[in-house]
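Welcome! Take a moment to look through the sequence and the 3D picture below, and then we will walk through some parts together.

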Amino acid sequence: MERLVTTSQAAEILGLSLQGIHYRIKKNQLKSIKKDGKIFVYIDDDAKVDNTQTKVKVESTSSKQTKFDSNQAILDVKNEQIDLLKRSMKWMKKQYISEIFRLERNQKRIIEVFNSEIKLLQSAFNEMRSIYKPQLESNLKNKSEKTDNDFITVKDFFVLMKRYNKTEQEIKMMIFNGIKANDKRFIYNKVEKKLLILNSDFIDLI
C-alpha cells in the first residue's frame with residue numbers, strides 16, 4: 001500500500017539524500033505530487049520493511065549514492081547551460097547574418113543613388129559647358145586682342161602731354177598725384193618698380 005510522505009521522510013525511509021530523492025523524482029523513478037508548494041512522494045509500505053531489513057547495506061552504500069547523485073545533478077545543470085548557450089549562439093548568428101544582409105542591401109542602394117547623382121551632375125556640367133564655352137572663348141579672345149592696346153608707355157605719355165604744352169615737371173606731378181589719388185589710369189607695381197599707364201584721352205589732365 002502506498003502513502004504520501006515528504007521528501008525528507010522519503011530520504012530517511014529509503015536511505016537516500018535529498019538530492020537523490022529529487023533526482024529520482026526528475027527521472028520519474030519515484031511518483032510525486034505537489035501540494036501547497038511542497039513536494040510529496042508516494043512510498044510503498046513494503047519499502048519501509050525492506051529498508052529495515054537491509055539497513056546495514058543501505059548505510060554502507062548511501063555515501064557512494066549521494067556522491068553519484070550530486071555529480072549527476074551537476075552534469076544535468078551543465079548540460080542545460082550548454083544547451084542554452086548553443087541556442088543563444090544560434091540566435092545571435094542568425095541576427096548577425098540578417099544585419100550583414102541589411103547593411104549590404106542599404107550600401108547597394110546608396111551606391112545606386114550616388115551614381116545617379118553623378119550622372120545628373122555630369123549632364124548638367126556638359127550642358128552648361130556647351131552654353132558658356134563659346135562665350136568664354138570669345139571673351140578671352142577679345143581680352144587678348146585688347147591687352148596690347150590697353151596701355152601706353154611713360155615716354156608716349158610724356159609726348160602726349162607735351163603736345164598740350166605741359167612741362168616735364170608738370171607731367172611728373174600728374175603721374176605722382178594720379179598714383180597718390182589711386183587713379184586707375186596710373187598703376188605702380190611696387191615689387192617690380194614699374195609704372196603702367198592705361199590708354200585714355202586724359203582730358204581732365206589737360
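## Getting started

Helices (H or I, at least four residues) and strands (E, at least two) are DSSP runs, numbered from the N terminus. This is a predicted model, in which local features need pLDDT of at least 70, side-chain atom pairs count only at pLDDT 80 or more, and totals for chains, interfaces and linings use all residues. Residues are numbered from 1 along each chain as its sequence is written, and side-chain values use heavy atoms, with hydrogens and water left out.

Thr 7 sits in helix α1, which covers residues 7-14. Thr 7 counts as buried because its relative accessibility is 13%; buried means under 20% relative accessible area, exposed over 50%, and partly exposed in between (1.4 Å probe, protein chains only).

Beyond its neighbours within four places in sequence, Thr 7 is in contact (heavy atoms within 4.5 Å) with Leu 18, Ile 21, His 22, Ile 25, Ile 39 and Val 41.

## The sheet with β1, β3 and β2

Three strands form an open antiparallel sheet in the order β1-β3-β2. Two strands pair if DSSP finds at least two bridges between them. At the edges are β1 (2-6) and β2 (32-35), each pairing on one side only. Four bridges join β2 to β3 (residues 38-44) in the antiparallel sense, and Lys 35 stands opposite Lys 38 in β3.

## The sheet with β4, β6 and β5

Another open antiparallel sheet has three strands in the order β4-β6-β5. Its edge strands, β4 (151-152) and β5 (186-189), each pair on one side only. Phe 151 has Leu 198 in β6 as its bridge partner.
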